[in-house]
Amino acid sequence: MKDIAVSIEKVSKRYGQTIALDSVDLTVRPGEILGLLGPNGAGKTTLISAMAGLVRTDAGAITIMGHDVQRNYRQARRALGVVPQELAFDPFFTVRETLRLQSGYFGAVNNDDWIDHVLVSLDLVAKANSNMRTLSGGMKRRVLVAQALVHRPPVIVLDEPTAGVDVELRQSLWRFIRELNRDGHTIILTTHYLDEAQALCDRIAILRAGRLVALDTTSNLLETCSGYLLRILLEGDIPAPYANLLVVSGGWREIELKSFKELELILSAMREGGTRIVDIEINKLDLEAVFLRIMQKESGI
Amino acid sequence: MIASGFIALCNKEVLRFAKVGFQTIAAPILTAVLYLLIFSHALEAKVRVLGIGYTAFLIPGLVMMAVLQNAFANSSSSIIQSKITGNIVFVLLSPLSHTEFFFAYVVAAIIRGICVGVGVFLATIWFANLSFESPWWILTFAVLGAAIMASLGLIAGIWAEKFDQLAALQNFLIMPLTFLSGVFYSIHSLPDFWQNLSRWNPVFYMIDGFRFGFFGVSDVSPWISLAASLGVLTVLVTATLNMLRRGYKLRA
Ligand SMILES: Nc1ncnc2c1ncn2[C@@H]1O[C@H](COP(=O)(O)OP(=O)(O)OP(=O)(O)O)[C@@H](O)[C@H]1O
Ligand SMILES: [Mg+2]
């Protein structure tokens with residue numbers, strides 16, 4: 001129990017005909033940053049809602065810091081801070097009032113020092129006495145983060161914290177998430193920006209159609225795809241082996257390379273075959289390539 | 001010790017209506033005063049009810065009607081606004097139990113109802129000579145009635161998915177029940193059929209018991225009204241707590 005922050009066991013959830021979660025098993029370790037990835041509708045938000053008790057699961061069990069989210073919901077919720085995906089706010093209150101009330105719900109009275117600290121960290125001091133209605137989208141997003149932190153939860157879940165956020169705020173949120181993590185918080189984060197997941201996360205879980213289809217350290221996942229992606233635009237006939245090896249993709253042809261040596265082989269084969277190279281692109285394979293490959297493999301089954 | 005989470009939520013609910021006090025307190029007081037002016041002008045010289053001048057008879061009814069309608073309005077509109085804007089999630093994420101949730105909303109709604117009731121009372125008391133036979137009955141029925149309507153409002157707010165559904169409930173259930181409860185008349189002046197029908201209206205007992213506190217006379221014994229009101233309250237509290245425990249329409 002000591003080395004498990006969140007345990008998710010065989011969790012399933014249906015909405016009518018839709019299977020939102022299909023027997024998901026996942027363990028989150030204390031102190032790690034776990035990226036929860038997956039296409040729209042994969043079940044990321046549903047899984048987070050199940051952890052938070054916003055959604056009742058049909059089967060399975062979830063614990064947060066050892067507390068069952070149904071049976072010991074009070075302790076479980078005290079251990080969890082959730083930043084919801086949707087920008088919700090109460091138009092009756094200012095930023096500071098919002099944070100004070102939220103502290104109150106968690107039984108944290110006289111919490112002003114911590115609230116001040118959070119306001120500073122999230123660069124919200126200037127807006128502390130503004131009504132929530134008057135804040136920009138990015139500002140509201142920061143208040144959502146602040147609200148999730150008022151009770152100093154050991155586990156923090158952020159559901160697309162950087163969606164629709166400008167570059168500067170994204171950078172500062174990344175910095176802040178790393179800081180929280182350094183202070184010992186366990187972090188679970190969903191995002192559609194794979195570079196973000198690659199930069200922040202120790203481990204990555206990928207959901208697809210409610211099933212967990214990959215779970216590994218970010219570096220292991222990247223290793224399965226080490227190398228380069230060559231995209232090449234050709235004119236004329238393509239020499240024999242390469243006509244099949246180069247996969248057509250939107251007029252371009254693609255191939256994954258283990259090393260630059262393979263690139264030389266391809267280029268010389270083209271030269272000898274008299275094939276003209278119109279354009280060429282080489283990218284180091286990244287999490288996006290891993291992600292796409294996993295998605296393709298899964299949809300093939 | 002009362003849980004601080006409950007106090008915070010209750011405090012939020014009170015702040016919510018206090019911040020827009022013009023709409024939530026002043027407006028209903030004005031409406032009640034208008035009723036009083038119109039009806040007492042039309043009927044004071046012609047009508048006596050239960051041996052009491054019409055204006056004096058009317059005032060407690062108007063006060064109680066304001067208490068009931070505003071208690072209902074507070075819990076129902078707060079819940080539905082929070083659901084539609086999505087900010088109910090912040091309460092649902094907290095460790096508050098369903099009982100704390102229930103009492104926070106109900107207590108805040110009672111406070112709103114009583115505030116408006118006191119306002120109506122202070123604004124109308126100058127128009128007639130009121131007696132106060134037994135203030136305890138007045139207080140008991142005010143709180144009891146407000147609690148009943150607050151629970152009903154909570155149920156309505158949780159059930160409704162759109163503002164028009166709530167408005168329909170308000171127009172087709174709450175308004176008829178309060179208007180046909182004997183606020184403006186004694187049910188003894190009604191034909192038998194309507195008199196019997198009124199006895200099925202729970203609001204009738206709340207108003208009748210409340211009025212007994214002022215005049216010491218009423219259509220039925222205040223003990224019967226008390227029993228009827230407590231019965232209705234028990235049913236509603238049980239139903240609401242049950243809905244909240246199951247997360248009906250709040251937790252998917
Ligand atoms: N309240 C609900 N009622 C019915 N179906 C729902 C509900 N919530 C989610 N779903 C369905 O469950 C599936 C998973 O949705 P979920 O919101 O968890 O996806 P997601 O991975 O968070 O997607 P996104 O990246 O778009 O946020 C989807 O098919 C969605 O339509
Ligand atoms: Mg989502």
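# Exercises on a predicted model: spaces between chains and selected residues

α3 (95-105) of chain A and α4 of chain B each supply at least two residues to the lining of the largest cavity, where helices (H or I, at least four residues) and strands (E, at least two) are DSSP runs numbered from the N terminus. This is a predicted model, in which local features need pLDDT of at least 70, side-chain atom pairs count only at pLDDT 80 or more, and totals for chains, interfaces and linings use all residues. Residues are numbered from 1 along each chain as its sequence is written, chains are lettered from A and ligands numbered from 1 in the order in which they are written, and side-chain values use heavy atoms, with hydrogens and water left out.

**Exercise 1. Describe the largest cavity and its lining.**

Step 1. On a 1 Å grid over the protein atoms alone, a cavity is a set of points where a 1.4 Å probe fits but cannot get out, a pocket is an open set with protein on both sides within 12 Å along at least five of seven lines, and lining residues have an atom within 4 Å of a point.

Step 2. The most is given by α3(A), with four residues.

**Exercise 2. Locate the largest pocket and name the elements that line it.**

Step 1. The largest pocket holds about 580 Å³ of space. Its lining counts 25 residues, of which A:Thr45, A:Ser49, A:Leu54, A:Glu86 and B:Val89 are the closest to its centre.

Step 2. Two or more lining residues come from each of α1 (44-52) of chain A and α3 (54-85) and α4 (88-92) of chain B. The largest share, five residues, belongs to α1(A).

**Exercise 3. Which class, buried or exposed, does A:Thr186 belong to, and what does A:Thr186 touch?**

Step 1. A:Thr186 is found in strand β8 (residues 186-190) of chain A.

Step 2. Because its relative accessibility is 2%, A:Thr186 counts as buried, the classes being buried under 20% relative accessible area, exposed over 50% and partly exposed in between (1.4 Å probe, protein chains only).

Step 3. Leaving aside residues up to four places away in sequence, the contacts of A:Thr186 (heavy atoms within 4.5 Å) include A:Ala5, A:Arg29, A:Glu32, A:Pro154 and A:Ile156.

**Exercise 4. Examine the positive phi values of A:Met65 and A:Asp123.**

Step 1. A:Met65, although not a glycine, has a positive phi of about 45 degrees; A:Met65 lies in the loop between β4 (59-64) and β5 (67-68) of chain A, and its 29% relative accessibility makes it partly exposed.

Step 2. A:Asp123, likewise a residue other than glycine, has a positive phi near 60 degrees. A:Asp123 sits in the loop between α4 (112-121) and α5 (137-149) of chain A and is exposed, with a relative accessible area of 56%.

**Exercise 5. Summarise the fold of chain A in numbers.**

Step 1. Chain A has 11 helices and 14 strands, and its C-alpha trace spans about 80 × 45 × 35 Å along its principal axes.

Step 2. Of its 301 residues, 51% are buried, while 69% of the contacts between residues at least 6 apart in sequence join residues at least 24 apart.

Methods: Points joined across faces, edges and corners; volume = space filled by probe spheres on them.
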